[in-house]
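I set down here what I looked up in this structure. The entries begin with the contact between the chains and then turn to the ligand.

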Amino acid sequence: MAEASATEPESRDRGSADRGSTDLGSADRGSADRETAGRQTAGPEAANPEGAGPETAGRERADDAVIATRALTKRYRGGQLAVDGLDLTVPAGSVFGFLGPNGSGKTTTIRMLMGLIEPTSGSARVLGRPMPGAARTVLPGVGALIEGPALYGFLSGRDNLLRYDAADPAADPRTRRARVSAALDRVGLVAAAGKKARAYSLGMKQRLGLAAALLQPRRLLVLDEPTNGLDPQGMREIRALVRELASDGTTVFLSSHLLDEIEQVCTHAAVMARGRLITQGAVADLSAGARGRLVVTTPDPADAARVLKEQGAGDVVAVEDRVTAEPPDHDLAEVNAALVAAGVRVRGFGLERASLEDAFVALTGEGFDVAG
Amino acid sequence: MRAPSPLWAFGLLRSELLTTFRRWRTLALLGVLAAVPVLVGIAVRIETSDGSSVGGAGGGGPAFIAQISNNGLFLVFTALAATLPFFLPMAVGVVAGDAIAGEANAGTLRYLLVAPAGRTRLLLTKYTTVIVFCLAATLVVAASALVVGALLFPVGDLVTISGTRITYGEGLGRALLIALVVAASLVGVAALGLFVSTLTSSGIAAMATTVGLLITVQILDQIPQLHALHPYFFSHYWLSFADLMREPVYWDELVRNLGLQALYAAVFGSAAWARFTTKDITS
Ligand SMILES: Nc1ncnc2c1ncn2[C@@H]1O[C@H](COP(=O)(O)OP(=O)(O)OP(=O)(O)O)[C@@H](O)[C@H]1O
Ligand SMILES: [Mg+2]
């Protein structure tokens, strides 16, 4: 990344304004996790024997992974196979993007993790304990926003939170009012707290749902499409909130079909399509999977294309004044020098970082469409 | 993780009661129930203002209606007898039917469960709240009737069905006892409604089904050919509460009624539990 940006003064810099200092922190964490989390599914399977086996064998793994599923499968009544043999590992401290087109099984997976539905087969561990079996001990440490907020329209925003907090037997009633006020403050809803939730806008409801997930300090936050219905300002606030929570050590599991969103906040990601896991790993690794492209801007595209081919670049494509290619293995400075030496008027020269979207398309071999 | 105090488990019940009794719908149901004794009282007052008695000697209409003009306390018994066959169980059916299904419909159920409320705890809380509603609804009818009766008619010593006299104070005691028995008579419908509520994620459907079942059972209870089944209908012994106005009290059917309600509560309570604790919550 640092190397690439040194040689790409003009390249698109997605969301760089958005990457605050917290991002640096999460990048550190990300690289540390990468060593243990591993890419693809080989890691967890080998090290996390399920069932009656002794805890000790999987101890390190289980402590490390906040969510670990094994061959998790859900077939709904009516026959729809919504999740198919999912092996997911979410490392502690990560901001984990759970990505997939509509109907790919994201919400279904989250429902199983939260004990709302029973898996057809396979198993899931959350915070090191089996779900749905250990729901009582696991869920107080988990804040969740699942398939959008749901509120009691006839209660005020504050009363909604009081009710949800009362439902948690691990929540101390003595601190309830204070925690509710703090949560309202955190999502910027203090002014509207006394208003009936029926009269809330979609974005306000979404914020109140988030506040419910933040009523207590959580070890894990599960957010199913949290920016749905929010204005750009609201989206930015959510991203800032996610980063802030992550820097406090909360693991955030974030489902979305917005690639941009995942790219901007997540350290790790998994990609689902048609109920199957296509890949998982650190975001940097995933986008590295689809390599960045060399982009030359020049009024002499034909010459530039010829020189690039001579220099060993593959897949050279010239469109108007832009020539793109797979970068050759040797130093790009030499490539640039060769272009100049050949009399090509180079106006721009740089690496265009591969986006997660490119990675997704490369992985699924298809667009971002709804599976039937 | 901190060990939760056992008493914190009641936080949910408190919240549930507050939520239920702050709803407009609940208040409207209670309002309608409170209006019934007012209407009956005024109707009797108008009809008897010329000195005649209600319904003639044969006595049509709900039990005790003929005695109201002599003693306002009888309006309590009349009002309970008038509301028990339909208004009261319908109100209970609405609240019970909506208990789980309404939350599922609104999506709030999933958030209660991930809070985590616990499925058994949530179901027990819901059932307790419906029972409290049964009691509240019955007491609203009784209290409204007591006030209206005292305002529109003379009060004083009263004559039991058996012809003995009891003091007004003792009469009040019997009225309270009758109200409690009437509330207990609704326990079976409450369990039935709660069970229906676990079957669907549409509050309206659950309410309509429960009220539909209520009407069906009432009709079947009137068909002589089904005589053998009648003792198993939850509404069959409902009007036995009048036996509390005998001297001595005739307990036979009262006990059978309470036993039947307990049976319904056990059967449908277990069914609701079995269903709810294994159900996929997808709404
Ligand atoms: N309650 C249900 N009963 C039957 N099938 C269901 C149910 N819920 C979801 N499905 C099916 O399961 C599949 C996965 O759905 P799911 O809601 O998990 O997708 P998703 O990834 O969350 O999609 P989105 O991005 O639209 O939220 C879909 O094909 C859907 O039709
Ligand atoms: Mg979804």
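This is a predicted model: local features need pLDDT of at least 70, side-chain atom pairs count only at pLDDT 80 or more; totals for chains, interfaces and linings use all residues.

Entry 1, the contact. I counted 37 residues from chain A and 30 residues from chain B in the contact, where contact means heavy atoms within 4.5 Å. Between them, chain A and chain B bury about 2,900 Å², and carbon and sulfur atoms carry 58% of this; buried area is the accessible area (1.4 Å probe) that two parts lose on being put together, summed over both. In chain A, the residues that lose the most area to chain B are Leu116(A), Arg163(A) and Pro169(A), together 23% of what that side buries.

Residues are numbered from 1 along each chain as its sequence is written, chains are lettered from A and ligands numbered from 1 in the order in which they are written, and side-chain values use heavy atoms, with hydrogens and water left out.

I found four salt bridges between chain A and chain B, taking a salt bridge as a side-chain nitrogen of Lys or Arg within 4 Å of a carboxyl oxygen of Asp or Glu. One of the four joins Arg163(A) to Glu103(B) at 3.1 Å, N to O. I also recorded 17 residue pairs in polar contact between the two chains, both residues at pLDDT 80 or more. A polar contact is a pair of N or O atoms within 3.5 Å; within protein, one must be able to donate a hydrogen and the other to accept it, and residues adjacent in sequence count only if both atoms are side-chain atoms.

I located ligand 1 between chains A and B. Of the 15 residues around ligand 1, those that come nearest are Asn102(A), Gly103(A), Lys106(A), Thr107(A) and Thr108(A); a residue is near if one of its heavy atoms lies within 4 Å. Oxygen atoms of ligand 1 lie 3.2 Å from a polar side-chain atom of Gln80(A), 2.7 Å from a side-chain N or O atom of Lys106(A) and 2.5 Å from a polar side-chain atom of Thr108(A). Taken alone, ligand 1 exposes 640 Å², of which the protein buries 71%; these accessible areas come from the Shrake-Rupley method with a 1.4 Å probe.
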